[in-house]
Amino acid sequence: MSKGSFLRPLKALAYLGRPAVTLPMEPRPAAPNYRGFHVNDWEACIGCGTCAQICDNEAIDMVDIPELKADPLAGIKPRRPAIDYGRCCWCALCVDICPTGSISLSREYVHVGPDLNTYYILPDEKGIHGLNYPKGWSKSPDADLLDLKRQTMGEMEPQERLQSFAEMVAGFTPEAALMEASRCIQCGMCHDACPSHMHAPEYIRALWSGDAEEAVRQIYRTNPFSEVCGRVCTRRCEDACSLGNRGEPIAIRWLKRFAMDSLNHEQVRRIAAEGRELAPSGRKVAIVGAGPAGLTCAYDLARQGHAVTVFEALPHAGGMMRYGIPEYRLPYDRLDDDVDVIASLGVEIRYKTRVGHDISMERLRDQFDAVMIAIGLHKGRSTRVPGTNNENVIAAIDLLRDVTLGVAVDVPKKAVVIGGGNVAMDAARTLARLQTRAYGAVQVELVALEPADAMLADADEVREAKEEGVVIVNSRGPRCCIINGERLTGLETVRCLSIFDNQGRFHPLYDHEDAQVHEGDVVVEAIGQMSDFSLLGDKLTEKLDWNGPRPRIDQDGRTSEPWLWAAGDMVEGPDVIHAVAAGHRAAASIHNEIMVREKTP
Amino acid sequence: MRPENYKPVQHSASHEYELYFGPNHPGIEGNYALKCVLSGDVVQSLRADGGYLHRGFEKIMEERLWIQNVALVPRICVPDPVPMEETYARAVEMLGGLEIPKRAQWIRALMLEASRVCAHLFYFGGHAATMGMYSNMFWGVTDRDLILDIFEEITGARIYHMYITPGGVRRDLPEGVLDRLSKVLDYVESRLPEFDNLFFDNAVVINRATGVGTLTTEQALSWGVTGPNLRACGLPFDVRRDDPYLIYDELDFDIPTETAGDAWARTLVRREELLQSIRILRQIIATLPKVGGPIRCALPNPLAWNVPAGSVYARTESSKGELGFFVVSKGGAKPWRVHVRGPSSMHAVHVLERLGPGSRLEDVAQIMFSLDACPPEVDR
Amino acid sequence: MSEEHPEGTGRERLENSTTIGEVLEVAMGFEATARDFYASLAGRVSKPLRGLVQELAEEEKRHYQLFSDLRERPDVQEKISEKIERPANDHRFSDYVQLPELGDYPDDQSILQYAMGREHAAMEQYGSLAEQAPAGPIQDLFRFLAIEEMEHKGELEKRWYELVYPSNV
């Protein structure tokens, strides 16, 4: 081993002759990927708070900004992240998890000041000192912390679907449900967007932890129609889902279905009965219409100990859920399960009892402490273009009701459907199944005013309809039905150039030269729907205040008559989950009202 | 007390006195005290008295999401943080059955070896400083800074990179960084003759370090010594070669050893290791451009990441010895237990307490530093 | 076309009108007839529809007011030519909607259909009169009235769509 030298170390003295290292006073430019102070694009930020959740130092607070507007339907909360640099460790997990990519770290890294408050900032695009430093560490697609892809859902092949009205969507497997649930970031946008404010984050978390019973318990806090909503909800929640900003929103609807499918009916009944009032209140409430609004109201009131009687004109409960939604989307035994849970709480449903015919509104008023009507929109509108008075021009809603009721339908070999919404798809796809059964071939043409990229119907519905052989013709408006003698032979349409006028009002503009004939033995009109208010009788109709064609209600669903409430599609337009929400509101209002009143003898 | 009951304590005559050495002294990479009993300037007994840097990482990690701990682990050891990230990530990968993409493995090896170069440069400076030779310290720290620049480019941070994550790494390499790293390595290599002049061939240094803090192979093995300290006793054990991880089995490198087992041998081993690390880095620089693919495997949403139940021990050859993470999951979003088996807790407590007695006070700092004991990692 | 329509009886009078004042007076007569028609209909329909009918009556009243104001204004000539220079679009959807027999119990759609038909007829009436009239202020006035009626029809079409077409299904 070397003993070393005494002289060689002295060579380092040469450093005395070298120029000293000097550095400029201003901070050295940071690397392009640097993790300096935060910047946040307020336009892109949705206030979801995921950055605050992932922050391992709790350095991020979500601060309410009064100037910002909340937009629950779009999934935007009026708050933005504030960063405490006394806690921040610049790990940038906030950047990597941000659902929108609004937050980044900049290349600015110097802040000096004696005032501790200056270390707590609300970053915007300009950065901590407003100096517009360039971005450093920002969103990178190859290391995103969010799982942006949805679990695939099994469904029947189109040819198999057409053979029957069997449910076409398979539902999640336990593994897929777990993976899907694990994608949730628990921001609660879904909760805010849901008309009924369902506790989706809570039930998704429960599913993630393997507790389906707890999930159903969370679901039943706000929705007694979860078998239904787990299948056919319009799912505002998914539109608002933060993950939808850059990826696919959580399949909240299918997770709800998975939760409901995981439990047997007895378990659901037990959960629904938890916490109900056992002592009867002695109050009686009549509800007209056993649809989602009416039965939700009945469910709430029955849980509070009131005696609820529901009057239903048709032979089964469910309203539009049964008589409007085809069974391949919603198996009716699932709907029966939901109804049975409600009935099991002591709700009496009188079927085939048409109010206004079998019993008058006045009788209900006199016999009950409160009356709620939720009769839905069961009459189809017509375009009333020439020829629509032909007997082979039918309303979609009548067709769908007849199919559910089992009434023999004359299946047309060729059919034309007018409309671009979900009802139109329901009608077209129902016809496709009936045609397959009767003739083995599908010949359904669907004409929609809207262009293909702005269809009112769900994208899934449109895709599935096409898969089943429905021909969708976009941007066409009906001009007349073609009648040959007495016989309907088709529909003539003209090209629709635009749908909305410059004030955004619905006012289509047509190219009248571009006409086209769609052959069909039957024309199905699937446009608007309306209510049949004849049950009210002349006197009550005259007494009520009206808001256009609908009874005027206050925010709780109460009409101008103090004993009468109204809810659901008939006052709010068609949607199950809105009807559920309206049912809850009306029930709360009715409960508050009748509890302070004398009992009706 | 009544005066008649008062009996003064009788001290026997002694040459010994107790010296509280620290918590700031030259032998440390962080605050750490030693309770020495001295007779003259010869240490009679020595008790390690750590805790100044106790931040409770192991406990905190039980309260953090799996991914959040990525931000915590590098802080366990300041001078050599990358092996902390690597070992934690690998433990989680073992639990979760994650497959690290090839490219990420190469990048991780690059980070580990660059960190070793950093740590060794720091070590040369530190060891010299314990003898009062600060020029070496300045040189080492200055050259190390060039590698920190490379780290900054790759990870956006200089010291605590928080870059290696379970499943891979967080960002791909920026354009041209391998060339720049290559130049830095050339420079570091070209600097070695100057270090030799000042330090490794310095007769004063050799005299001061030889025979100080000598460990026999048997002692080293029975006291849990690992890493360069073990190799300085002649035992060529290296986790990279004997229990290879990442792509180390595809690399060509030697395991340098010395036989003397003293402070000088430990320093010589590290000098040679620095060259080996540069050799490894050159291989990585040559290979990495040919290794494509993703830099991280698909991970579940970290807020709801259910790592399967189980317990694993993952180990890495850090610049200071074998670094192990014992991680227990009971299933769920957070670890149930994380234990860090830092090499320094052996070296700075058990080994130092035994090497201390008989040595001279002025060598205590040198012994501690020659073991490359890192107090933040002891305390955790 | 039912008897209430004023156009048939007024056509001769309009063709023979020679001053702006006269033309406007006949046009006001049409509007007054329509206004009175809706007012009487309001008494016959059920309450949910009454709002619509009353609004239509109001609308006709406004038209009446518009024309009578126009008659009073000295700068009427200027106003008319200004309007003619930027004619509104004719979406013509209502052309495809049949004119209903307005029975004793009309529904909201029939009432709107009827109103659209009336505006349409008036528009065509004024349009053809404008073509026949010699160039000059009278022709301009007919054109103005035709455009005015077309705009009213457009407004009714929008109401029709809002009523008949759904917004979310």
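Which pattern does chain C follow when read along the sequence? Chain C follows the pattern α-α-α-α-α-α, with six helices and zero strands, where helices (H or I, at least four residues) and strands (E, at least two) are DSSP runs numbered from the N terminus.

This is a predicted model, in which local features need pLDDT of at least 70 and side-chain atom pairs count only at pLDDT 80 or more, while totals for chains, interfaces and linings use all residues. Residues are numbered from 1 along each chain as its sequence is written, and chains are lettered from A and ligands numbered from 1 in the order in which they are written.

**Chain C and the helix pairs**

Of the 169 residues in chain C, buried residues make up 38%; a residue is buried if 20 or more other C-beta atoms, placed from the backbone, lie within 10 Å of its own, exposed if 12 or fewer, and partly exposed in between. Among the contacts in chain C with a separation of 6 or more, 65% are accounted for by residues 24 or more positions apart, a contact being two residues whose C-beta atoms, placed from the backbone, lie within 7 Å.

| Helix pair | Angle | Axis separation |
|---|---|---|
| H3(C) (residues 47-72) and H5(C) (residues 108-132) | about 10° | 10 Å |
| H4(A) (residues 174-182) and H6(A) (residues 200-208) | about 130° | 8 Å |

H3(C) and H5(C) are therefore roughly parallel to each other, given that angles under 35 degrees count as roughly parallel, over 145 as roughly antiparallel, 65 to 115 as roughly perpendicular and the rest as oblique. Their contact is made by C:Leu49, C:Leu52, C:Val53 and C:Leu56 of H3(C) and by C:Asp108, C:Ile111 and C:Ala115 of H5(C).

For H4(A) and H6(A), packed at an angle of about 130°, the angle makes H4(A) oblique to H6(A). The residues that make this contact are A:Ala177, A:Leu178, A:Ala181 and A:Ser182 of H4(A), together with A:Ile204, A:Leu207 and A:Trp208 of H6(A).

**The sheet in chain A**

Chain A holds an open sheet of three strands in the order S2-S3-S5, with antiparallel pairing, two strands being paired if DSSP finds at least two bridges between them. Strand S2 (60-64) and strand S5 (120-121) of chain A stand at the edges, each with a single partner strand, so one side of each is left without a neighbour in the sheet. S2(A) is joined to strand S3 (residues 79-84) of chain A by five bridges, and A:Asp61 has A:Ala82 in S3(A) as its bridge partner.

**Between the chains**

Two pairs of chains touch, and the most contacts are between chains A and B. That contact takes 37 residues from chain A and 32 residues from chain B. On the side of chain A that touches chain B, helix H1 (50-54) and helix H2 (93-97) of chain A each supply at least two residues, and the largest share, three residues, comes from H2(A). Chain B and chain C, by contrast, do not touch, and their nearest C-alpha atoms are 33 Å apart.

**A loop residue in chain B**

B:Lys290 lies in the loop between helix H11 (263-287) and strand S6 (310-318) of chain B. Because 8 other C-beta atoms lie within 10 Å, B:Lys290 is exposed.

Terms used: Axes fitted to C-alpha atoms, helices over the stretch in contact; angles between N-to-C directions.
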